[in-house]
Amino acid sequence: MSTTMADLEATPSTSTVRVVDQHIVEIVSDSGEGAQTCGQMFADLVARNGNGIWTVEIIPAEIEPPSRSRAGASGNRIRLGSNPVTNAGDHADIVVALNEQVLYSRIDAGALRSGTIVFVDRTWAEHPDDEIRRRYQEAIEDFRRRAYTVIEAPIEAQCRQHTDDPRKGKNMWALGLLCAIYDLDAATVRESISRRFSRKGDAAIEKNLALFADGYDWTLANVQQRFRVPAHKHAQPMVVMNGNQALALGIMAAGIEVCSMYPITPATSASHFLANALQEAGGFVHQAEDEIAAIGFAIGCSYAGKTAVTITSGPGLALKTEFLGYAVMAEVPLVVIVVQRGGPSTGLPTKIEQGDLLAALYASPGDSPKIIIAPATIEECFHFVVTARRLAEDFRGPVMILSDANLATGQQPFPKPQLQNSWLAPPVEQAAWDQSVPPFAWDPETGLSRRPIPGQRGGEYVLTGLAHDEASHVAYESAINQKSMEMRSRKLAVLKSALHPPQVHGSAEGDLLVVGWGSTLGCIEEAVDQLRAEGHRVSSLHLRFLSPLEPGLKKIFERFRKVLTVEVNYSDPVDAAFITPESRRYSQLSQLLRSQTLIDIDCWSQVPGSPIPPSRIVAELRRRLELLRQES
Amino acid sequence: MSGLRQEWEAEAPPRNCTLQDYQGVPARWCPGCGDHAVLNAVQQVARDKQLPPEKTVVVSGIGCSSRFPHYIKTYGFHGLHGRAFPVACGVRSRRPDLHMFVVTGDGDCCAIGTAHWIHTIRYNMDLTILLLDNNIYGLTKNQTSPTTRTGERSNTHPRGNVLPPLNPLSVTLGVTNASFVAQTIDWNPPHLYSTIRAAYEHKGTSFVRILQRCPHFTSHVFTAVQHDMSQVLLLTHDDGIPLEPSMQRLFPNRAAHDPHQLAAARAVAERDDVYPVGLLYRDERAARYDLQTSQGLGKSQAEKMAATEKWLSRYEI
């Protein structure tokens with residue numbers, strides 16, 4: 001929902017506290033001014049307060065882009081709510097911008113609406129450079145024309161009272177501003193600041209506390225807008241983290257000891273975490289010489305006894321495909337995490353896309369059946385790694401986890417996992433191997449088999465990517481090739497037989513069923529809930545297993561007049577030149593579902609490089625529902 | 001080894017491994033191929049060092065020489081073209097208890113696997129790398145390899161190779177942290193054996209280039225050397241490859257070479273008038289990555305869970 005500001009034209013002396021059930025806040029600055037720290041601390045505070053949150057990092061592509069540039073905005077969006085928040089939402093209610101140019105990058109991104117309250121540092125109005133002063137004045141006038149509620153705040157001037165280097169202090173002042181607006185407990189914030197700066201010494205703590213207090217007090221004295229987002233204290237211990245941290249902690253919780261990687265955005269931050277933490281759990285991060293070596297190293301670890309993980313993104317996946325095929329052919333347990341970004345090729349390194357589903361599924365030459373799962377929430381990022389390791393070992397092959405840049409950098413609270421001993425990989429089996437059992441003793445029904453581990457006497461065998469028989473001897477005979485292909489494929493059918501049909505969100509029948517996968521869960525369900533509240537017969541379904549697909553889909557689909565996938569990847573728009581029903585290229589999940597179900601499933605997919613906000617999904621679904629109404 | 005089940009050591013009966021215990025499926029290399037001699041030498045080293053077959057892993061890539069693991073009865077990993085090295089490093093990273101050989105060829109190592117070659121030398125994990133260099137792509141039928149001599153004709157360069165051959169010894173010696181570089185020939189079994197044994201005994205990555213006869217495509221190259229041993233220079237030193245004096249006499253050219261001198265090793269490697277055989281370089285003090293990667297193997301499940309809980313709690317609100 002959006003909050004209108006019309007009733008907030010109060011006088012400075014009478015500040016009104018407006019109670020809202022959710023709100024969206026952004027703080028943006030030049031890179032290096034600490035807006036991200038401010039955003040993270042604010043998010044942490046409201047989450048501790050018991051609010052639901054979803055945060056998104058606003059990241060420039062360069063490490064230190066030119067200051068005051070539209071492309072250089074760095075910061076955070078925090079959506080906070082009374083209830084759990086599942087996505088970044090639509091338009092910001094409040095934006096704090098440390099200069100007017102970075103605000104333009106948010107305007108360009110469609111993040112603002114008329115009525116958005118915009119705080120801009122007015123220091124630029126007094127800048128010695130004529131050009132900067134002129135551009136600032138023009139921008140402020142433009143912002144007013146756009147009907148934002150503009151508040152020019154003397155951020156730098158106030159900060160100068162406490163620090164000689166306000167570039168490093170404005171973020172704490174802004175934190176004070178936000179805490180005052182949302183009426184957060186100042187004592188808790190002070191504790192948080194003291195903790196954050198504890199390593200930098202007492203002087204740093206004092207300075208930052210003073211900056212915070214100044215921002216807080218200035219806001220109480222000068223700003224009448226106040227909001228309260230009621231919070232419920234959590235009944236159970238909660239954690240808040242981003243998807244990459246959740247993946248990394250999932251790796252530790254699964255007892256995976258080796259993460260073999262090559263730096264690639266947006267996957268790498270998971271490895272940064274593990275580089276610190278994994279050693280304490282007895283493991284390590286291997287930074288390989290390239291993406292190929294990263295997966296090869298992980299396969300070596302797995303072959304020697306313990307399933308390892310390799311983590312990458314699209315271009316890295318492209319390089320890993322030969323070894324992925326090997327892991328399928330030679331049945332090596334392996335967890336492969338792909339944090340998707342925009343493609344093809346180098347594409348959009350820091351941006352969001354769900355474009356690697358078909359690459360994950362089909363990239364290896366020949367038939368290479370493998371398990372693919374996609375977490376839809378931060379919490380699932382954690383738990384799916386635990387599941388993936390088990391599946392990799394039970395089904396003896398690679399399991400791919402498709403995350404994306406939205407999950408990777410978004411933060412969300414979830415119940416703190418209670419670590420289980422059974423989640424951990426067992427110690428490496430070294431007891432003697434029954435020599436009468438070949439290394440690929442495929443069960444004729446399930447295709448499942450157990451593997452000998454180096455060190456097991458009597459199990460000596462040679463793993464090979466060549467066609468092989470049960471003894472792992474190279475075998476080019478037709479019958480053996482046919483059988484071994486069947487055995488590797490059969491495992492997916494066996495897994496599918498153990499899965500449950502997915503739950504439909506909303507009614508089990510209706511006019512329109514929206515199908516999604518991955519990080520779009522929250523946006524899709526919010527859109528569907530809104531339309532259902534208006535009386536539309538629309539439901540949604542979110543897939544976690546993409547290979548094998550969850551069972552029962554055709555039956556579920558048949559109870560709706562139309563099935564539509566909503567995805568953040570490319571499909572041809574129906575009304576474009578040369579595009580006919582015959583030539584149109586569908587989005588990735590819809591291609592898969594069409595071929596699996598023989599149902600005429602449609603798709604609506606976009607590649608904005610950002611999450612598709614619920615309002616855009618609502619608009620599209622409304623259009624589709626109207627078309628269905630006209631048809632009947 | 002910690003982290004592994006204890007039963008195995010209790011179950012292991014005392015035994016004496018014979019050559020028979022290392023026999024894999026019959027080798028299918030061409031008659032007269034130098035690979036047969038290398039296989040025999042490795043099996044002899046395994047027997048003489050009493051390497052338990054189940055504790056021995058041979059990793060290879062793709063090519064004639066990379067069929068090696070199938071022909072020796074140990075654990076084996078016949079991998080992808082050029083990719084034996086990362087797999088071997090992965091195996092080694094968590095298994096200091098295993099005995100490891102990596103078998104590769106001049107296409108596998110010096111062409112498609114070059115990046116891994118360089119970095120594996122730098123990682124200096126405890127691996128014995130055998131480069132079976134026959135100057136040609138054999139399995140794919142006679143294409144120029146990086147080590148093919150200038151002017152040699154092949155199916156891909158029917159008018160002759162225009163480029164000078166890449167020198168695997170000087171490349172390896174150019175890599176920071178190289179710790180053992182040797183060269184030997186497939187047609188002198190005692191020298192071949194001694195070299196592989198010394199390489200196995202070296203703690204760190206030992207790189208052995210073996211001049212290997214290919215009777216099918218490059219028979220005129222190393223077979224000619226075999227018949228004219230004046231093209232070979234035997235490197236001798238007390239810390240070098242041990243060889244009986246009677247065997248040394250088969251090498252008309254001999255020169256003392258101190259394997260602890262990197263500059264001298266590089267100079268010897270660069271010689272294009274003779275093939276130097278013996279130990280070019282050894283540095284036991286080179287940093288070993290596997291000593292890092294195998295730390296923490298002894299952690300109990302409880303310790304792992306405690307560490308995870310500690311990091312998880314940092315995100316508690």
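Predicted model: local features only at pLDDT ≥ 70, side-chain atom pairs only at ≥ 80, totals over all residues.
Where does A:Ser449 sit in the chain? Its place is the loop that runs between β16 (411-415) and β17 (462-464) of chain A. Leaving aside residues up to four places away in sequence, A:Ser449 touches A:Glu331, A:Arg396, A:Pro439, A:Phe440, A:Ala441 and A:Trp442. With one of these residues, A:Arg396, the serine also makes a polar contact: the two side chains are joined at 2.7 Å.

I turn now to the sheet. Chain A contains an open sheet of five strands with mixed pairing, in the order β18-β20-β19-β22-β23. Its edge strands are β18 (504-505) and β23 (602-605) of chain A, each of which pairs on one side only.

Within this sheet, how do β19 and β20 of chain A pair, parallel or antiparallel? Strand β19 (residues 510-517) and strand β20 (residues 538-543) of chain A pair in the parallel sense, over six bridges. As one example, A:Leu513 has A:Ser539 in β20(A) as its bridge partner.

Finally, the helices. Helix α16 (residues 521-533) of chain A lies across β18, β19, β20 and β22 (560-567) of chain A, and runs at about 165° to β20(A). Helix α18 (residues 588-597) of chain A also packs on the sheet, where it touches β19, β20, β22 and β23 of chain A. The direction of helix α18 of chain A makes about 140° with that of β22(A).

Key:
Residues numbered from 1 in each chain as written. Chains lettered and ligands numbered in written order. Heavy atoms only, no water. Pairing = 2+ DSSP bridges. Helix = DSSP H or I, 4+ residues; strand = E, 2+ residues; numbered from the N terminus. Contact = heavy atoms within 4.5 Å. Axes fitted to C-alpha atoms, helices over the stretch in contact; angles between N-to-C directions. Polar contact = N/O pair within 3.5 Å; in protein donor to acceptor, adjacent residues only side chain to side chain.
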